[in-house]
Amino acid sequence: MKRTSHILVENNDPSAAIRRFLASLLALDSVDAVLTPRWLSEKTVMPALINDPDQLEQADPCSPAFMMNSAKLVSRLTRKTPGGKIVAVLRPCEIRAVKELVKLKQAETDGLILLGIDCPGALGNRDFQALAAEGTEGLGNRFLRGVIPDAPAEFEGRPISEACKACEFPVPDGADILIGLYGADLNEKLPVQSNTPSGNDLLDDISAPESEEPADRKAAVDKVTKARTARRDAMFEKTAEQVNNLDKFADYFANCVNCYNCRVACPVCYCRECVFNTNVFDHEPFRYLQWAKRRGGVRLPADTAFYHLTRLAHMSTACVGCGQCSNACPNDIPVMEVFRLTAHRTQAAFDYEAGRNIEEPPPLSVFSENEFTGIVGITKR
Amino acid sequence: MQKEDPTIIAFVCNWCTYTAADLAGVSRLNYPKNVRLIRVMCTGMVDTQYVIKAFLEGADMVWISGCHPGDCHYINGNYKARRKVKLLKEILPLFGVSPERLVLTWIGASDGIEFAQTIKQLTDIAREQGAEAGGAA
């Protein structure tokens with residue numbers, strides 16, 4: 001049973017209202033800790049697992065910081081039973097990544113409450129740090145007022161990250177508890193909705209008032225979804241043109257130094273030991289000379305295009321489009337664009353959407369007897 | 001552009017297509033020399049990265065061939081291979097590699113003649129496709 005409630009906003013401070021809501025959950029006997037982004041020494045916002053309500057004062061889930069995809073942290077907290085109940089405050093893409101990790105047996109939902117907030121988007125890490133250096137006073141609220149509901153391409157002169165601008169998932173549909181921003185009066189009250197029995201129980205436990213969804217919400221969500229989808233499609237078109245043969249693909253990744261940060265930052269890339277870190281790629285030194293002689297020259301470090309193509313093949317069906325691959329790149333290669341372009345196609349091919357439904361098995365983990373018969377044999381299109 | 005001497009990298013299943021290759025050999029069947037056979041225990045173990053590597057190294061075509069549905073020595077490896085081929089046929093065209101350059105067939109252990117004929121057909125297709133799409137590395 002879905003239940004709709006609301007959080008009252010006081011003193012025109014929606015961020016504080018969300019903090020109070022988190023504090024009311026943490027005060028429950030049934031909740032042991034809250035995982036939420038929070039300010040660290042006025043400098044940056046990082047996720048923290050908070051047990052002391054006083055420390056919730058620094059929580060700021062609506063800031064423009066998105067330093068990492070917290071799904072990886074949820075995996076750390078829940079790969080075995082955490083021994084208590086954790087409320088995890090996550091962005092929609094983080095929730096979808098958690099669902100992918102659960103399917104891949106890297107996380108568990110027992111003891112986990114997913115609390116999603118309508119996503120205002122975020123800045124890239126460097127842009128956020130530069131902004132924070134200029135002053136952090138009321139940044140969360142400034143950000144909300146600056147980008148909700150119109151989803152502009154920039155905030156206070158700095159660009160919203162490419163991934164967020166082109167993200168058609170502003171609403172955390174898969175959350176146990178959802179806090180709405182789109183269509184709400186940020187100075188009055190924010191809608192809260194429970195989507196699952198465990199979410200319902202928590203709202204009951206804090207005696208959340210009955211309420212109704214704001215009349216404007218659906219239209220506001222549709223509007224932002226449409227705007228971002230249009231940006232996404234334009235991004236697809238541009239990117240497809242940039243990589244439409246293997247030479248161009250290699251050129252796209254020309255600045256890659258094989259640091260593999262994109263893989264480390266990827267929330268769904270879950271192998272303990274990636275094949276690219278194994279001795280399969282510790283080529284015998286004489287091989288380099290062989291390649292150089294055969295082709296006249298070999299790009300170093302080697303295997304760059306191979307690495308990116310393989311990661312696309314291995315992970316694109318699980319890609320949630322969070323953009324942390326681009327965020328992590330030391331040389332500002334727009335990795336996310338290629339990933340989303342590919343993921344859009346591969347997920348559609350298997351009628352799959354990463355993070356949509358925890359019951360849907362990952363496409364390469366299953367098969368059926370009578371599928372894809374058209375690709376077998378020598379066929380000409 | 002026509003390519004006279006295309007290279008086809010083939011991943012063939014130990015239990016069926018490789019046995020068919022053996023049969024083609026002992027039957028003294030002729031077929032073009034363009035195929036480099038790589039024997040694998042099951043097409044289900046052919047990771048997508050093997051195919052990608054072959055194209056990046058300049059293969060004109062990658063051919064995966066295993067047991068007919070229902071005949072897999074490991075029960076269902078060929079079905080898994082089919083999903084991976086489906087995945088690759090979605091990914092590779094984005095980067096300019098025609099899906100026709102990746103072929104999946106089922107050739108049973110007794111199909112020596114079919115093995116030889118398939119190679120003839122594949123070589124023709126590879127010639128039509130022209131110079132290799134890859135080679136960027």
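In the predicted model, strand β3(A) contributes the largest share of the lining of the largest cavity, namely three residues. This strand, which covers residues 44-50, is joined in the lining by β4 (86-90) and α3 (92-103) of chain A, and each of these elements supplies at least two residues. The volume of the largest cavity is about 180 Å³. Its lining comprises 19 residues, and those closest to the centre are A:Pro37, A:Pro61, A:Ala65, A:Arg91 and A:Glu94. In terms of residue class, 15 members of this lining are nonpolar, one is polar and three are charged. Seven cavities of 30 Å³ or more are present in the structure.

The largest pocket contains about 1200 Å³ of space. A total of 46 residues line the largest pocket, and A:Cys269, A:Tyr270, A:Cys271, A:Arg272 and A:Met315 lie nearest its centre. Two or more lining residues come from each of α2 (71-78), α3, α10 (261-265) and α12 (304-315) of chain A, and also from α3 (77-91) of chain B. Helix α12(A) makes the greatest contribution to the lining of the largest pocket, with six residues. The composition of this lining is 24 nonpolar, 10 polar and 12 charged residues.

The surroundings of strand β9 of chain A were considered next. This strand spans residues 189-194 and is largely enclosed by the rest of the structure, because five of its six residues are buried, a term that denotes a relative accessible area under 20%. Two strands of chain A pair with β9(A). Strand β1 (residues 3-8) runs antiparallel to β9(A) and is joined to it by six bridges. Strand β8 (residues 177-179) likewise pairs with β9(A) in the antiparallel sense, over three bridges. Both pairings involve A:Val192 of β9(A): A:Ser5 stands opposite this residue, and A:Ile179 also stands opposite it.

Key
Residues numbered from 1 in each chain as written. Chains lettered and ligands numbered in written order. Predicted model: local features only at pLDDT ≥ 70, side-chain atom pairs only at ≥ 80, totals over all residues. Heavy atoms only, no water. 1 Å grid on protein atoms, 1.4 Å probe; cavity = no way out; pocket = protein on both sides within 12 Å on 5 of 7 lines; lining within 4 Å. Points joined across faces, edges and corners; volume = space filled by probe spheres on them. Helix = DSSP H or I, 4+ residues; strand = E, 2+ residues; numbered from the N terminus. Nonpolar A, V, L, I, M, F, W, Y, C, P; charged D, E, K, R; others polar. Buried < 20%, exposed > 50% of the residue type's maximum accessible area, 1.4 Å probe, protein only. Pairing = 2+ DSSP bridges.
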